[in-house]
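The questions below go through one protein model, part by part. Each answer ends on the value or name asked for.

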Amino acid sequence: MVYFTADLHFYHDKIIRHTGRPFHHMEEMNKELIQKWNNKVSHNDEIYILGDFTMKGADVASACLYSLKGKKYLIRGNHDNFADSSNFESSLFVSIRDYMEIAYLNQHFVLFHYPIMEWNGYGKGAIALHGHQHNHKDYNLENRRKGILRYDVGVDANNMEPVSAQEIINFFGNVN
């Protein structure tokens, strides 16, 4: 299976208040994010992280990545400087990129941390996935209502857990 997520912000206390996350403190948030990820993703699944994994550096990023299941890909966000650190073990990711396009079950996905107005395959059924904005579920519902194939894969919009490619395909149904 293929999964997507974004904007985890591990070890970032202020994100709880900033986004209205349902946690009392950072440790509670980290524990639940890891638990929800590992309950959904298996070791053989692929998971694309569309940015903002953590702002706390290479050691924290590595510790978190070791605790998470799946073959991980990073699409850089504005808070992923740990990936440039000389002491970061980049082999924890299959790849680290700024932008990526993949196909799953003949569905074309465009992956970027930031939401964009038009993308490769826009108007031809391609779905743009992003994070960055810390939207809530209503954002994705509104895009679907308007026929816009853009989906926020961030944890704030997806019950604090990764979302599968199949869930996104089913979500849009016959919109395209």
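Helices (H or I, at least four residues) and strands (E, at least two) are DSSP runs, numbered from the N terminus. This is a predicted model, in which local features need pLDDT of at least 70 and side-chain atom pairs count only at pLDDT 80 or more, while totals for chains, interfaces and linings use all residues. Residues are numbered from 1 along each chain as its sequence is written, and side-chain values use heavy atoms, with hydrogens and water left out.

Q: In which strand is the place of Ser-95?
A: Ser-95 counts as buried, at 15% relative accessibility (buried means under 20% relative accessible area, exposed over 50%, partly exposed in between, with a 1.4 Å probe and protein chains only). Not counting residues up to four places away in sequence, Ser-95 touches Lys-72, Tyr-73, Leu-74 and Met-100; contact means heavy atoms within 4.5 Å. The place of Ser-95 is in strand S4.

Q: Which strands are the edge strands of the open sheet of 5 strands?
A: Two strands pair if DSSP finds at least two bridges between them. The order in this sheet is S4-S3-S2-S1-S9, and the pairing is mixed. An edge strand here pairs on one side only, and the two edge strands are S4 (95–97) and S9 (163–164).

Q: What is the bridge partner of Phe-4 in S9?
A: S1 and S9 run antiparallel and are joined by 2 bridges. Strands of a sheet pair through backbone hydrogen bonds, either parallel or antiparallel. The partner of Phe-4 in S9 is Val-163.

Q: What kind of aromatic pair do Tyr-99 and Phe-112 form?
A: Rings of Phe, Tyr and Trp (its six-membered ring) pair if their centres lie within 6.5 Å; planes under 30 degrees apart count as stacked, over 60 as edge-to-face and the rest as tilted. The structure holds 14 such pairs. In this one, the ring centres are 6.0 Å apart and the planes stand at 65 degrees, so the pair of Tyr-99 and Phe-112 is edge-to-face.

Q: How many residues apart in sequence are the parts that this pair ties together?
A: Tyr-99 is partly exposed, with a relative accessible area of 35%, and Phe-112 is partly exposed at 24%. Tyr-99 lies in strand S5 and Phe-112 in strand S6, so the pair ties together parts whose separation in sequence, in residues, is 13.

Q: Is Trp-119 buried or exposed?
A: The ring of Trp-119 pairs with that of Tyr-122, with centres 4.8 Å apart and planes at 85 degrees, so this pair is edge-to-face. Tyr-122 counts as partly exposed, at 41% relative accessibility. Trp-119 has 8% relative accessibility and therefore counts as buried.

Q: What is the relative accessible area of His-134?
A: His-134 is placed in the loop between S7 and H4 and has a positive phi of about 55 degrees although it is not a glycine. His-132 is found in the loop between S7 (127–130) and H4 (137–146), and His-132 is partly exposed, with a relative accessible area of 30%. His-134 is buried, and its relative accessible area is 13%.
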